[in-house]
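Me: I've got a model open and would like to go through it bit by bit. Can you take my questions as they come?

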Amino acid sequence: MNRLNNQNGIVLPMVLAIILIVTILGFAAMSVAENQTIMVSRHQQREQALHYAEAGINCYMSELNKSPYSNYSAPANATAFEDGYYQLTITAPDVENPYVRVTSTGWHKNSENIKRTVEVKLHKKQFVQNLMTSNVGNDLIWYTRRFMRGDIINGPLHVNGDLVVDGFHGDGQIGPVFTGPVTYSGNFRSISAVGELLNIIDVLNWIPDLNNTTDFQAGTPVKVDRMGMPASNQLLAEKADADYVFTGRTCIHLRDDKLKIVNKGTTYDNLPLPPNKIIYVKGGIGNNKWDYNTANVYVSGTLNGQLSIVAENDIYITATDPTVWNKPSDTPPANGGIYYHDLESIDEITNQDYLDSQLAKCDDMLGLIANRNVRILHYNWPRGSSPFYYKKSSLTHYDVAPKNMNVFASIYAVTGSFEYEAHDQGGKKGNLTVVGSITQYKVGPTAGFGPNLLDSERWDLLHERKSGYGRNYWHDTRLMYEMPPHFLEPTNNGWEIVEWQEVSNPVVAEPEP
């Protein structure tokens, strides 16, 4: 019995057992601590890799802001940054994907097997990315300075001031139609009072219903910040080659990749396009349209290449060659204006997809930048023996505006408007078709309207177009990522990220906790 109760010697096994348990727990704690250290280290390395990848994006954006707009190159090899590296891959924009796409992979110098990759889309805000941009809003009083029935704006539109639309008056049964996003920085006003009042008082239903036909196909207009507009185009003078700077009245005919220029009375024939892709015309300013010393430009023809034409006063777009100073015909031409060589065979533009398919094959691009107005020439013609041709035997002028005017260009009227000269005179024309973009201080008139209460056309009950052109404007979608040489930019422009995402990399897996 005493032998059974004898516990001598049990302490040693218990001590050994405790030591074993403590040892196991110690090793387990050390393993956990080591794993935690590895996890923390790899987490830090992954965060560092993301930091280096994003640094690559930011460094590239900084270089873009210093470089020409179309310079999308990137270093061929990895670039060192702090204690790591980043590697860039750049995809240039095109018509279908009008963004600069940048892929940046980053890693720490001691952890090349742990990488993270970021993909972004970059976008730089430019005037030409809108089909129409104006600094001052539309007009509540003068209907020629608002968007009306018959107007079709095929592309984005921005107004720094008030946006005024009128779906009750104008020319046609639809419109104004806006196919792209519409933004404004002032107030949004829709003219509706007259039409709604007539519908109310017409209790006998003698007057056809005047429904508002305004159509915002890309959604309700959105209020945004203003775009900063430059005060002048004169800084562009330093961009021009000396041989392509002219003083006074300058007539230019675009002949594919050649130019004919008559400056005052001096002719320059078969000139190549300027090396720096810009023609600058300086001189007097004011309303003297034909004066030899005024910095006006007259231009038409077909361009094969890239060029910007800058005038310190006005630019007039003509139907035919303005360097040929023959007496004009009493019958205006059927068609005329400015064309791109690669789009000469283009059929009638009916939809944006068709136009985009043609633009994808075109590398021609023209900028028309006037310090005052860009106008469609309506009356009279330049000559040599006196400033211009005019009809001496009557009170009328030579009507030199074509029935249909076509303008393939990016237009900028810095302190004025893009407009049809004497828009309220001379009878009704056809369409003014623009393929490009229009930036102007104030929306200019292209047609004249008048009251027509007895009109048999129910849709023109109050107003119909009596003179000028219907607006048929199409955005050159290449301008979402490219622009004519030395074209003016917003004062508050800059590259911005419009889309950010991380893509997977084959990395070493972090240990399970």
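Me: Leaving aside its neighbours within four places in sequence, which residues is threonine 323 in contact with?
Reply: Quick housekeeping: this is a predicted model, where local features need pLDDT of at least 70, side-chain atom pairs count only at pLDDT 80 or more, and totals for chains, interfaces and linings use all residues. Residues are numbered from 1 along each chain as its sequence is written, and side-chain values use heavy atoms, with hydrogens and water left out. Contact here means heavy atoms within 4.5 Å. On that basis, the partners of threonine 323 are Cys251, Ile252, His253, Arg255, Lys260 and Val262.

Me: Is threonine 323 buried or exposed?
Reply: Threonine 323 sits in the loop between β22 (315-317) and β23 (335-340); strands (E, at least two residues) and helices (H or I, at least four) are DSSP runs, numbered from the N terminus. Buried means under 20% relative accessible area, exposed over 50%, and partly exposed in between (1.4 Å probe, protein chains only). Because its relative accessibility is 7%, threonine 323 counts as buried.

Me: Which side chain makes a polar contact with the side chain of threonine 323?
Reply: A polar contact is a pair of N or O atoms within 3.5 Å; within protein, one must be able to donate a hydrogen and the other to accept it, and residues adjacent in sequence count only if both atoms are side-chain atoms. For the threonine 323 side chain, such a pair shows up at 2.6 Å, and the partner is the side chain of aspartate 321.

Me: What does the side chain of serine 329 reach at 3.0 Å?
Reply: Serine 329 is also in the loop between β22 and β23. With a relative accessible area of 44%, serine 329 is partly exposed. Its side chain reaches, at 3.0 Å, the backbone nitrogen of threonine 331.

Me: How far apart in space are serine 329 and aspartate 399, C-alpha to C-alpha?
Reply: Along the sequence, serine 329 and aspartate 399 are 70 residues apart. In space, the C-alpha to C-alpha distance between serine 329 and aspartate 399 is 8.4 Å.

Me: Which peptide bond is cis, with omega near 0°?
Reply: Most peptide bonds are trans. Look at the loop between β9 (163-170) and β10 (177-178), where you'll find proline 176. The cis bond runs from glycine 175 to proline 176.

Me: Asparagine 380 has a positive phi; near what value is it?
Reply: Most residues other than glycine have a negative phi. Asparagine 380 lies in the loop between β25 (374-376) and β26 (381-382), and it is buried, with a relative accessible area of 5%. Its phi is near 70°.

Me: And near what value is the positive phi of lysine 264?
Reply: Lysine 264 belongs to the loop between β17 (258-263) and β18 (266-272). At a relative accessible area of 28%, lysine 264 is partly exposed. Its phi is near 55°.

Me: Which strand gives the most to the lining of the largest cavity?
Reply: A cavity is a set of points, on a 1 Å grid over the protein atoms alone, where a 1.4 Å probe fits but cannot get out; lining residues have an atom within 4 Å of a point. Of the 13 lining residues, the closest to the centre of the largest cavity are Pro98, Leu122, Met480, Tyr481 and Trp495. With 3 residues, the top contributor is strand β4 (residues 111-124).

Me: How many helices and strands does the protein chain have?
Reply: Buried residues make up 50% of the 513 residues in the chain. The secondary structure comes to 3 helices and 33 strands.

Notes:
On a 1 Å grid over the protein atoms alone, a cavity is a set of points where a 1.4 Å probe fits but cannot get out, and a pocket is an open set with protein on both sides within 12 Å along at least five of seven lines; lining residues have an atom within 4 Å of a point.
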